[in-house]
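Biologist: I would like to go through this structure with you, one question at a time. Could we begin with the charged side chains and then turn to the helices, the sheet and the loops?

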Amino acid sequence: MGIASSRPSTSVEDYVKVIYDLQERGSGPVTISRVAERLAVSSSSVSGMLRKLGELGLVDHQRYGDVRLTPTGDKVALAVLRRHRLIELYLVEALGYSWDEVHDEAEILEHVVSDQFVDRIADHLGHPTVDPHGDPIPTRDGRVVTRETRLLSELDPGTGGVIMRVNDTDPDLLRYLAGQRIGIGMRVELVERQPFGGPLVVRLGAGAEQREQSIGVGVADALWIAADA
């Protein structure tokens, strides 16, 4: 299985993918410390790599400033995310993996599979637009179908919507959600927000299956909702 020699190194791909993901989720400026936290490396290591990415024309970053991908960096990141998210979906749909198992596998495979292989996966799965966690899958030409979503933690009491996306970086969180029967496509309404950073009371599901339960703020910060109009 040949891979184009022009493909960036694994470390470059990992960095641009994380920067894009942080930008895409819109949870504040992308900083060195946030990138370091996501990649579990030191801030000095991130600073060094950002200099290299700048020399490659992949990022714009001024000292002590925010990190932003250039159009070329966006293109590289979208190619990696397409491979990653299609592999995750294939592992779930074809090989029976659970949604908490696929992220680490895809982290390895995304760097070694060819674009032809990934295109075959897309064909086999019917050209899906989201992965098992609701993350959008870029098209071959780098387009992304965007959806208007908000974090559950940002909703006002009495409002709700449908869970469209779940942060996939913590397998323990995904296992917790599965154990609580909370997943993509489920309706959720914020009933009450406990004071002083306490848990949120939510109403889950609809009809006879509807139930109320408390969830922590950390869980609510991982659920992206298509809010009711």
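Biologist: Which residues are linked in a network of salt bridges?

Modeller: This is a predicted model, in which local features need pLDDT of at least 70 and side-chain atom pairs count only at pLDDT 80 or more, while totals for chains, interfaces and linings use all residues. Residues are numbered from 1 along each chain as its sequence is written, and side-chain values use heavy atoms, with hydrogens and water left out. A salt bridge here is a side-chain nitrogen of Lys or Arg within 4 Å of a carboxyl oxygen of Asp or Glu. The residues that such bridges link in a network are Asp21, Glu24, Arg38, Arg85, Asp135 and Arg165.

Biologist: Within the pair of Asp135 and Arg165, what is the N to O distance of the salt bridge?

Modeller: Asp135 sits in the loop between α6 and β3 (150–151) and Arg165 in strand β4 (residues 160–166), so that the pair links distant parts of the chain, 30 residues apart; helices (H or I, at least four residues) and strands (E, at least two) are DSSP runs, numbered from the N terminus. Asp135 counts as buried because its relative accessibility is 1%, and Arg165 is buried as well, at 8%, where buried means under 20% relative accessible area, exposed over 50% and partly exposed in between (1.4 Å probe, protein chains only). From N to O, the distance in this salt bridge is 2.5 Å.

Biologist: How many residues apart in sequence are the parts that Asp119 and Arg82 tie together?

Modeller: Asp119 and Arg82 form a salt bridge whose closest N and O atoms are 3.0 Å apart. Because Asp119 lies in helix α6 (residues 115–125) and Arg82 in helix α4 (residues 71–95), the pair ties together parts whose separation in sequence is 37 residues.

Biologist: Are Arg143 and Asp141 buried or exposed?

Modeller: Arg143 and Asp141 also form a salt bridge, with 3.2 Å between the closest N and O atoms. Whereas Asp119 and Arg82 are buried, both Arg143 and Asp141 are exposed.

Biologist: Which strands stand at the edges of the open sheet, and why is one side of each left without a neighbour?

Modeller: The open sheet has six strands in the order β3-β8-β4-β5-β6-β7, with antiparallel pairing, and two strands pair if DSSP finds at least two bridges between them. Each edge strand has a single partner, so one side is left without a neighbour in the sheet, and these strands are β3 and β7 (211–215).

Biologist: At what relative accessibility does His127 count as exposed?

Modeller: His127 lies in the loop between α6 and β3 and has a positive phi of about 55° although it is not a glycine. Most residues other than glycine have a negative phi, and most peptide bonds are trans. His127 counts as exposed because its relative accessibility is 51%.

Biologist: Which residues is Pro128 in contact with, leaving aside its neighbours within four places in sequence?

Modeller: Pro128 is also placed in the loop between α6 and β3. Pro128 and Leu86 are 42 residues apart in sequence, while their C-alpha atoms are 8.2 Å apart in space. With contact taken as heavy atoms within 4.5 Å, and neighbours within four places in sequence left aside, the residues that Pro128 touches are Leu86, Leu89, Ala122 and Ile137.
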